[in-house]
Amino acid sequence: MASVILKRSRPSVLRSIGDGIRMGVLSRAYASVAVGSDIVSAAPDVSLQKARTWDEGVSSKFSTTPLKDIFKGKKVVIFGLPGAYTGVCSHQHVPSYKNNIDKFKAKGVDSIVCVAVNDPYVLNAWAENLKAKDAIEFYGDFDGSFHKSLDLGKDLSAALLGPRSERWSAYVDDGKIKAFNVEEAPSDVKVSGAEVILGQI
């Protein structure tokens with residue numbers, strides 16, 4: 001089942017983010033991608049950085065992973081979040097996917113991908129802390145270029161996080177977006193968690 005892109009009403013009001021942090025929400029209705037978009041074409045020449053230790057980064061000569069290697073010829077569920085070690089991301093968003101891995105596999109999903117505007121070394125430590133690295137592939141978008149290409153970047157400077165991303169999820173089949181969900185506020189996990197997208201596959 002393919003979802004339709006969610007319309008997001010963004011009045012200039014204060015919404016909560018994280019544990020009691022308040023921030024402004026800017027007006028914007030849609031991301032630049034929707035159901036039917038090719039996620040690889042939407043972010044041309046963009047690569048992500050697979051979570052790893054610093055020593056692994058050095059030994060790989062700081063290699064990156066082209067989007068086509070992540071999505072082409074595969075059924076992928078990807079979710080994006082504001083950042084490693086933040087409350088909602090650690091306690092709700094990632095666990096929702098970690099705890100449903102068997103259900104995704106039963107639906108023929110090849111991989112679950114988590115992406116955040118972090119360096120791959122922080123993401124690696126976070127993934128190990130959450131004991132989620134064996135179930136989920138973690139990728140850094142260290143300069144935010146992937147999220148900017150999809151119009152999913154978000155300024156969270158009010159929470160001392162700087163440029164980050166929306167909280168979102170997508171089901172991608174051979175590069176084509178089949179389901180796409182974006183939260184109204186980064187503190188929400190109403191439409192981007194595992195339970196929702198399982199029903200969309």
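**Stop 1**

Select Val76 to begin: its bridge partner is Ser111, over in strand E6. Keep in mind as you look around that this is a predicted model. Now widen the selection to strand E5, residues 75-81, and strand E6, residues 111-116: the two run parallel and are joined by six bridges.

Is E5 enclosed or open to the outside? Six of its seven residues are buried, so E5 is largely enclosed by the rest of the structure.

**Stop 2: out along E3**

Move to strand E3, residues 47-50. E3 pairs with strand E4, residues 65-66, in the antiparallel sense over two bridges.

**Stop 3: the whole sheet**

Time to zoom out. In what order do the strands line up? Trace E4-E3-E7-E6-E5-E10-E11: these seven strands form an open sheet with mixed pairing. At the edges stand E4 and strand E11 (176-182), each with a single partner strand, so one side of each is left without a neighbour in the sheet.

Now show helix H4, residues 87-98, which packs on the sheet and touches E5, E6, E7 and E10. Compare directions: that of H4 makes about 175° with that of E5. Then bring up helix H6, residues 120-129, lying across E3, E5, E6 and E7 and running at about 155° to E7.

While the sheet is on screen, here's a handy rule: in a regular strand the side chains alternate between the two faces of the sheet.

**Stop 4: Ser165**

For the last stop, select Ser165, which is found in strand E9, residues 163-165. Is Ser165 buried or exposed? Its relative accessibility is 0%, and buried means under 20%, so Ser165 counts as buried.

Show the side chain of Ser165 and follow it to the backbone oxygen of Leu81, which it reaches at 3.2 Å. Leaving aside neighbours within four places in sequence, the contacts of Ser165 include Gly80, Leu81, Pro82, Val117 and His147. Leu152, Gly153, Lys154 and Leu156 are also among them.

Key
Residues are numbered from 1 along each chain as its sequence is written. This is a predicted model: local features need pLDDT of at least 70, side-chain atom pairs count only at pLDDT 80 or more; totals for chains, interfaces and linings use all residues. Side-chain values use heavy atoms; hydrogens and water are left out. Two strands pair if DSSP finds at least two bridges between them. Helices (H or I, at least four residues) and strands (E, at least two) are DSSP runs, numbered from the N terminus. Buried means under 20% relative accessible area, exposed over 50%, partly exposed in between (1.4 Å probe, protein chains only). A polar contact is a pair of N or O atoms within 3.5 Å; within protein, one must be able to donate a hydrogen and the other to accept it, and residues adjacent in sequence count only if both atoms are side-chain atoms. Contact means heavy atoms within 4.5 Å. Axes are lines fitted to C-alpha atoms, for helices over the stretch in contact, and angles run from 0 to 180 degrees between N-to-C directions.
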